[in-house]
Amino acid sequence: MAAIRLTPEDAELLQQARAAPSAVDLVSDDDRSVAADSWSIKSEYGSTLDDDQRNADAAEALSAGNLRAASDYSSDKDEMEPDAEAVTSMLGLQSYWDSQYADELTNFREHGHVGEVWFGPEVMETVASWAKSLCCDVSQGRFPNQADNVKSLNVDQGSKFLSSWSVLDIGTGNGLLLQELAKEGFSNLTGTDYSEGAIDLARSLAERDGFSNINFLVDDVLETKLEGKFQLVVDKGTLDAIGLHPDGPIKRLMYWESVSKLVAPGGLLVITSCNSTKDELVQEVENFNQRRANSSAEPESSNETQRESPTFQYLSHVRTYPTFTFGGSVGSRVATVAFLRN
């Protein structure tokens with residue numbers, strides 16, 4: 001496969017993101033409280049941003065980054081001013097999470113509390129059991145929404161095939177999703193987070209709960225130091241948090257470039273989000289595929305009819321979450337979507 005060459009605009013954005021020094025100071029308790037309030041509990045199925053704030057965060061951040069949204073969040077939304085200042089959340093800053101997990105680690109040591117379970121335990125259990133079923137199907141050549149250019153994974157058949165799957169949880173937090181995946185039969189498990197406090201908490205909980213075989217590492221997915229590739233990569237809320245950073249649109253570009261290198265060919269990427277719908281995640285993946293196709297096209301091969309397969313391809317999504325209807329459209333407060341790495 002040809003090396004990836006971003007368009008001049010995307011390359012400039014990525015270069016600015018990597019070159020710019022961090023302007024984030026330590027987060028005060030007051031700031032953390034305000035940030036936590038913005039990520040309100042909307043149902044028993046987990047945490048989600050307040051709807052009005054989510055609309056403003058997404059629309060204004062994309063406007064500031066001169067990027068187009070995958071879809072409008074509401075039918076009567078006023079058109080954004082071109083020079084609107086981005087409204088972001090402290091949830092997009094590492095300093096917030098460092099402070100959050102320092103508190104949760106203290107809470108665990110003093111009281112045995114596991115800390116916040118993002119999206120709620122029901123969603124976490126659903127993601128783990130659904131991922132298991134999907135991996136079982138894919139390993140046997142059964143592909144939901146199968147397309148002609150999708151080929152079967154070379155994974156051993158049999159009841160113990162899950163033990164051969166390497167799993168990476170990016171932005172693992174307290175690591176409880178990996179514990180659920182271990183209960184489902186996965187054994188080669190790794191969790192990463194850019195917050196050292198999160199990794200300390202995840203390791204402590206895993207040791208207490210009898211999952212000492214799970215490997216936890218401090219690593220930033222946007223500048224990952226991991227060299228290996230994984231057959232299953234899961235993300236539960238990490239892309240959401242990245243999008244809430246002041247440079248969210250730029251960092252989302254970096255996210256897809258990095259994640260595409262972490263998922264093994266024929267492997268799966270499973271993203272759970274409360275800020276993006278299934279259709280918006282699919283559109284974001286299609287945009288990434290198009291950028292890669294444009295940047296890797298060779299002028300001298302313009303007469304050739306052969307086309308390279310897209311990097312990621314939509315495979316399936318969870319259909320069992322509670323839904324609601326708004327403006328004639330049916331949606332869910334949480335979306336879990338799987339993509340196949342070609």
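## T190 and its neighbours

T190 touches V167, L168, D169, L178, N215, L217 and F230, leaving aside residues up to four places away in sequence; touching, or contact, means heavy atoms within 4.5 Å. T190 is found in strand 4, where strands are DSSP runs of E with at least two residues, helices are DSSP runs of H or I with at least four residues, and both are numbered from the N terminus. At 7% relative accessibility, T190 counts as buried. Buried means under 20% relative accessible area, exposed means over 50%, and partly exposed lies in between, using a 1.4 Å probe and protein chains only.

Please keep in mind that this is a predicted model, in which local features need pLDDT of at least 70 and side-chain atom pairs count only at pLDDT 80 or more, while totals for chains, interfaces and linings use all residues. Residues are numbered from 1 along each chain as its sequence is written, and side-chain values use heavy atoms, with hydrogens and water left out.

## The chain as a whole

Stepping back, the chain holds 10 helices and 11 strands. It has 342 residues, of which 49% count as buried. Among the contacts in the chain with a separation of 6 or more, 73% come from residues 24 or more positions apart.

## Helix 6 and its cover

Helix 6 covers residues 176–183, and because seven of its eight residues are buried, this helix is largely enclosed by the rest of the structure. The buried residues are L176, L177, L178, Q179, E180, L181 and A182. What lies over them? The cover includes helix 5, strand 3 (166–170), strand 4 (188–193), helix 7, strand 5 (215–218) and strand 6 (230–236). Just after helix 6, G185 takes a positive phi of about 120°.

## Helix 5 against helix 6

Two packed helices are described by the angle between their axes and the distance between the axes. Helix 5 and helix 6 pack at an angle of about 40°, with their axes 9 Å apart. Axes here are lines fitted to C-alpha atoms, for helices over the stretch in contact, and angles run from 0 to 180 degrees between N-to-C directions. That makes helix 5 oblique to helix 6; angles under 35 degrees count as roughly parallel, over 145 as roughly antiparallel, 65 to 115 as roughly perpendicular, and the rest as oblique. The crossing of these two helices is right-handed: a crossing has that name if the near helix is turned clockwise from the far one by less than a right angle, and is left-handed if anticlockwise.

On the helix 5 side, M124, E125, V127, A128 and A131 meet L176, L177, E180 and L181 of helix 6. By class, this contact has seven nonpolar, no polar and two charged residues. Here Ala, Val, Leu, Ile, Met, Phe, Trp, Tyr, Cys and Pro count as nonpolar, Asp, Glu, Lys and Arg as charged, and the others, Gly among them, as polar.

Helix 5 (residues 121–139) is also where C136 is found. With 18% relative accessibility, C136 counts as buried. The C-alpha atoms of C136 and F161 are separated by 8.0 Å, although these residues are 25 apart along the chain.

Helix 7 has 14 residues and reaches 20 Å from its first C-alpha to its last, close to the 20 Å expected at 1.5 Å a residue; the expected span is 1.5 Å times one less than the number of residues. Its buried residues are G197, A198, I199, L201, A202, L205 and A206, and they pack against helix 4, helix 6, strand 4 and strand 5. After helix 7 comes G210, with a positive phi near 85°.

The axes of helix 4 (residues 94–111) and helix 7 (residues 196–209) come within 7 Å and cross at roughly 30°. That makes helix 4 roughly parallel to helix 7, and their crossing is left-handed. Helix 4 brings D98, Y101, E104, L105 and F108 to the contact, while helix 7 brings E196, G197, A198, D200, L201, S204, L205 and R208. By class, there are six nonpolar, two polar and five charged residues in this contact.

Most residues other than glycine have a negative phi. F119 has a positive phi of about 75° although it is not a glycine. Where does F119 sit? Its place is in the loop between helix 4 and helix 5. F119 is buried, with a relative accessible area of 1%.
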